[in-house]
Amino acid sequence: MQGSQTPPPSLDKNLPGNDMSQACKDVLPSLPPGEDWVAASLKMYQDFWLLPSTLRGTLACQNHFQAHNSDILLASNPKSGTTWLMAILFALLNRAKSSDSDSQACHPLLTQNPHDLVPYLEVPSQQENPNLAAFTSPRLLATHLPYPSLPQSVRDSECKLVYLCRNPKDTFVSLWHFMNKVNPEKGQIPLPECLDNFCRGMSHYGPYWDHVLSYHKASLEMPEKVLFMTYEEMKEDPRAHVRRLAGFVGCPFSEEELRDGTVEGILRMCSFDNLSALEVNKSGKSSTRLENKVYFRRGEVGDWVNHMSAEMGERIDGVMEEKLRGSGLKL
């Protein structure tokens with residue numbers, strides 16, 4: 001099965017904070033409050049921290065989204081390499097439409113940010129129940145929701161879930177940079193304070209470790225449904241893991257494609273250097289109203305050492321050792 005997802009109309013237009021569904025207004029007062037790294041309000045919903053705007057989208061997708069058995073859902077913690085894998089999956093599923101030089105020259109990834117091609121389930125939209133009819137099968141979607149908060153239809157269906165996990169120290173540093181970029185009026189956010197919050201589980205969609213464990217457990221129980229991948233493994237051997245990914249989502253590469261360099265072509269198109277150099281990703285804005293360039297920084301494994309002391313790294317390691325104990329997972 002090789003997909004041909006057509007880029008959908010924009011679904012991800014953030015609404016003002018006071019424009020939310022009645023269901024969200026009803027549940028907000030009962031939820032434990034918290035603050036993120038720039039003192040924005042967070043609410044604990046189903047044991048995870050969400051922005052009120054994200055909660056609105058979460059409730060909407062939980063109440064209305066109907067999964068198809070052919071759906072493919074990319075899940076991750078924020079700043080785990082999502083943009084890269086999003087682009088790879090989109091290119092992989094649409095490769096039949098880009099098999100010649102003319103179609104490659106007008107590939108959607110060359111003129112649109114990956115986040116505009118692969119919408120999130122829970123990002124607030126203008127409609128409480130967005131119309132996904134523009135998608136052709138298989139539909140490619142994304143989410144930062146933990147596994148227990150996914151719509152019941154996703155968990156009950158035969159759709160495929162691909163989870164991307166990244167080293168917690170690199171995830172933390174990447175999230176810190178991202179928060180600084182999207183909140184310039186706050187000045188540089190103190191790294192030690194952010195580390196304190198991260199190690200207490202206070203981050204968007206956090207706690208980080210519970211998020212990771214929810215998908216790791218699901219992948220062990222349902223390996224045919226949930227593929228658990230790490231960013232570090234992808235970076236170490238991208239060709240092997242793209243082939244593995246293609247097989248998992250039901251569109252394996254043919255022998256001819258393997259011979260003619262199709263895998264390598266996808267990796268070149270979706271590389272950090274290529275995507276970050278595109279005009280749309282240097283100066284454009286995504287449907288989330290964020291500048292596209294905020295999704296691209298360095299993407300290097302082990303970059304945390306350039307921003308954190310050894311002691312700070314050891315603190316995260318200690319928290320992870322405690323929280324992941326007995327799971328069989330090492331990060």
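**Exercise 1.** In this predicted model, find which residues of H8 and H9 meet, and classify the packing of the two helices.

*Solution.* Start with the contact. On the H8 side, Pro168, Phe172 and Trp176 take part, and they meet Leu191, Cys194, Leu195 and Phe198 of H9. Sorted by class, the residues of this contact are 7 nonpolar, no polar and no charged.

Next comes the geometry. Two packed helices are described by the angle between their axes and the distance between the axes. For H8 (residues 168-182) and H9 (residues 191-199), the angle is about 125 degrees and the axes are 11 Å apart. That angle makes H8 oblique to H9, because roughly perpendicular covers 65 to 115 degrees and roughly antiparallel needs over 145.

**Exercise 2.** Determine how H12 and H14 are arranged and which classes of residue form their contact.

*Solution.* Take the axes to begin with. Helix H12 spans residues 238-248 and helix H14 spans residues 262-269; their axes come within 10 Å and cross at roughly 105 degrees. H12 and H14 are therefore roughly perpendicular to each other, the range for that term being 65 to 115 degrees.

Then list the residues. Pro238, Arg239, Val242 and Arg243 of H12 meet Val263, Glu264 and Leu267 of H14. The contact of H12 with H14 divides into 4 nonpolar, no polar and 3 charged residues.

**Exercise 3.** Identify the buried residues of H12, say how they are placed around the helix, and name elements that cover them.

*Solution.* With buried taken as under 20% relative accessible area, the buried residues of H12 are His241, Val242, Leu245, Ala246 and Phe248. Viewed down the axis of H12, these residues fall within an arc of 160 degrees, so they line one face of the helix.

The cover over the buried residues of H12 includes helix H3 (82-93), helix H11 (231-236) and H14, together with strand E6 (160-165) and strand E7 (226-230). Val242 is buried and also belongs to the contact with H14. To finish, look past the helix: H12 is followed by Gly250, which has a positive phi, near 90 degrees.

Key
Residues are numbered from 1 along each chain as its sequence is written. This is a predicted model: local features need pLDDT of at least 70, side-chain atom pairs count only at pLDDT 80 or more; totals for chains, interfaces and linings use all residues. Side-chain values use heavy atoms; hydrogens and water are left out. Axes are lines fitted to C-alpha atoms, for helices over the stretch in contact, and angles run from 0 to 180 degrees between N-to-C directions. Helices (H or I, at least four residues) and strands (E, at least two) are DSSP runs, numbered from the N terminus. Angles under 35 degrees count as roughly parallel, over 145 as roughly antiparallel, 65 to 115 as roughly perpendicular and the rest as oblique. Contact means heavy atoms within 4.5 Å. Ala, Val, Leu, Ile, Met, Phe, Trp, Tyr, Cys and Pro count as nonpolar, Asp, Glu, Lys and Arg as charged, and the others, Gly among them, as polar. Buried means under 20% relative accessible area, exposed over 50%, partly exposed in between (1.4 Å probe, protein chains only). The arc is that of the directions from the helix axis to the C-beta atoms.
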